[in-house]
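Here are my notes on this model. Please read them with the structure open.

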Amino acid sequence: MNIRQLPGTANVLGATWDGKGTNFALFSENAEKVELCLFDRHGQETRIELNEMYNFVWHGYFPGIEPGQRYGFRVHGPYDPQNGHRFNANKLLIDPYALAIAGTIEHGSPLFGYRWLDPEEDLSYNDEDSAALMPKCVVVDTQFDWEGDRLLEIPWYETVIYELHVKGFTCQHPDIPENLRGTYAGLTHPAAIEHLKSLGITAVELMPVHHFYENPGHLVDRGLRNYWGYDTLGYFAPHSSYSAAGQSGEQVREFKQMVKALHAAGIEVILDVVYNHTGEGNHMGPTLSFRGIDNVAYYQQVGDNRRYYMDYTGCGNTLNVSHPQVLKLIMDSLRYWVQEMHVDGFRFDLASALARELYAQGTLASFFDIIHQDPVLSRVKLIAEPWDVGPGGYQVGKFPLLWSEWNGRYRDTVRDFWRGEDSTLAEFAYRFTGSSDLYEFTGRRPHASINFITCHDGFTLRDLVSYNHKHNEENGEENHDGEDHNRSWNCGEEGETDDPEVLQLRAQQQRNMIATLLLSQGVPMLLAGDEMGRSQGGNNNAYCQDSEISWVNWNLSDTDQSLLDYTRQLIGFLHEHPIFRRRKWFQGRAIHGSEISDISWLNVDGTRMTDEQWQEGFAKSLGVFLNGQEIATPSRHGERVIDDSFLIFFNAHYETLEFKLPKKLQKYDWALVLDTKTGEFHAEGQPFREERAIPVAARALVILQCVSGGDALRETAV
């Protein structure tokens, strides 16, 4: 095969098609030689040594090489694991900047740089060729007609996030054609978008869609696969298995069509990204990309023994963000997904690991400094999972400006409150009002708190109220995997049951937690399927379950449909009332000169909470008054924001309690909006006939709305 090679450029990494030919460029600081490997449609390989190297970028331009061309790299250099080098030119390597990757990795011994059965394990050298087991990178034509599409820039305080898995969300949907189920195209089907819109979702947070390692050997041996996708190999390439269009670059166009369709429906796209580690694992892992390109540059290694990797992630390795090229890779990837793929933001998996430099934790590490000043990335939604598995890795509340955080303390507090666990009411009140104790001192606002009760990792909401213990037997690890401390309560019986009292309480507890989530200040995040009672059979670590255990079930029972209707109504209610989505913190005092403050915390007898009562761990009930006439901040258009006023009574006690109205509020008329005991939602408010004492059932909450006297409140507030 006679292929002409020109010098090309080192300025743009990866494979870049310019309409006449393709420039290939690969960074490797310690390589001795780099070969570009081209594959024809029969899988026949042609190797071409790249003649040019500038600033450790090996590059060449090839006229006539067009989109659809499949390729990879072989990198020559020392195989010296004890000093961190693991070059092995027998291994075909994925381009870190590949825009598309065709196929998946097939498990086998040729993938490994060492000989499996050698007594020296990874210190040995394996000369088996891995090309037959490896997917191939694809040259892509990036042109696409966006037809005026742009980032939606929905304000944080108006955002409702829905975490979903691209495959699991649609792969069982009866109204979506079978060939589209489980794909990017399936997510753009009218049936999928209608569900999101009817629910009131403003942003989908997609579990990993960067191309990842699907079939690691430890899962293949158990007949399982990497379903969640937290083992990235291609930070620019949409995962090919989620494409209905094909795997020769069409997946890029299909992904763009998905974003465009969701934007047209008013729904933002947030990506769950994994820049803390890759799918190559620890020193015993396969050589698939970064390890063989330049192991020393890409990974953090143990200082006194570079054979081993620093592992702050629990996944075997940690990317070396302190290396300029690794930092450039991450930043280039993030900008690509915003500018070329039009995504609206990112959720960073184990984000604390990105801040670790020289084995130290620092919340203002170079990665965050660069994000802060970047003109593209500083304008999109940035969400941190603020922990990793290393020492001092739990960093909730410690991320810098621009960042919102998955609030693990919110999750734990709400779970404990509704299961009746002893905890101070002060803790619950902080979480309900946006966690000012965690975020206000950093200059951030309530939207810094991404509130969630469940997510992909752990129990679903239905399982949270159905199981005291995890049931992960089908994962093949004898139920040793997954979290043991779930803060769950089965409501009296473990797992599935026909007991009507248990089922009623479980339904009520789900309603309690959904209501608490949506009424709290901050940004609510709902796990896909929780609004329909999705269960994983008690599996709280379904990372390897590409099966009905993980997929959303669209065959709804009457109970499931009732919960879905309830959730839709409650999110609609949230969007209608700015008092529940304030831009700034509550002040706890009168703002405009009225006698009634913007928020008041109440005892069952209608008196204000005292300092001592806030610290009583045994207390399980409280009320809160939210004054819609005392919203201090104007709208984004400068108009004064005025809303209705509300009373919310929380009762996590095991008996019914009667809450009394505060004396100052007894002169107004109130209507019942919601009682989670019955789940009946009254959008316009149902006249409330009780004699100033409001019965709140055991383990329930009640919302009352001020329906007369509002003018008096307004006149007082002005």
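Predicted model: local features only at pLDDT ≥ 70, side-chain atom pairs only at ≥ 80, totals over all residues.

1. Every value here is computed from it.

2. Second largest pocket. Its volume is about 630 Å³. The lining counts 27 residues. Nearest the centre lie Arg462, Gly533, Ser557, Thr559 and Asp560. Sorted by class, the lining holds 13 polar, 7 charged and 7 nonpolar residues.

3. Two to look at are helix 13 (500-519) and helix 14 (558-576). Each gives at least two residues to the lining of the second largest pocket.

4. Helix 13, surroundings. Most of this helix is covered, with 16 of its 20 residues buried. At its start, look at Asp499. A side-chain oxygen of Asp499 comes to within 2.9 Å of the backbone nitrogen of Glu501.

5. Cavities. Rolling a probe the size of a water molecule over the atoms shows where empty space is left. How many cavities of 30 Å³ or more does a search of the whole structure find? The search gives 7. The largest cavity has a volume of about 130 Å³.

6. Lining of the largest cavity. It is made of 15 residues. His165, Met207, Leu527, Arg534 and Ser550 are nearest the centre. Strand 12 (161-164) and helix 1 (166-170) each contribute at least two lining residues. By class, 8 of the lining residues are nonpolar, 5 polar and 2 charged.

7. Core. In soluble globular proteins, nonpolar side chains tend to be buried together. Here, the largest nonpolar core has 177 residues. Phe346, Phe348 and Phe367 have the most contacts inside it. Helix 7 (residues 324-339) provides the largest share of this core, 9 residues.

8. Ala25. This residue sits in strand 2 (residues 21-27). Is Ala25 buried or exposed? Its relative accessible area is 1%, under the 20% cut-off, so Ala25 counts as buried. Leu13 is 12 residues away along the chain, yet the C-alpha atoms of Ala25 and Leu13 are separated by 4.7 Å.

Technical notes. Residues numbered from 1 in each chain as written. Heavy atoms only, no water. 1 Å grid on protein atoms, 1.4 Å probe; cavity = no way out; pocket = protein on both sides within 12 Å on 5 of 7 lines; lining within 4 Å. Points joined across faces, edges and corners; volume = space filled by probe spheres on them. Helix = DSSP H or I, 4+ residues; strand = E, 2+ residues; numbered from the N terminus. Nonpolar A, V, L, I, M, F, W, Y, C, P; charged D, E, K, R; others polar. Core = buried A, V, L, I, M, F, W, Y, C linked by side-chain atoms within 4.5 Å. Buried < 20%, exposed > 50% of the residue type's maximum accessible area, 1.4 Å probe, protein only. Polar contact = N/O pair within 3.5 Å; in protein donor to acceptor, adjacent residues only side chain to side chain.
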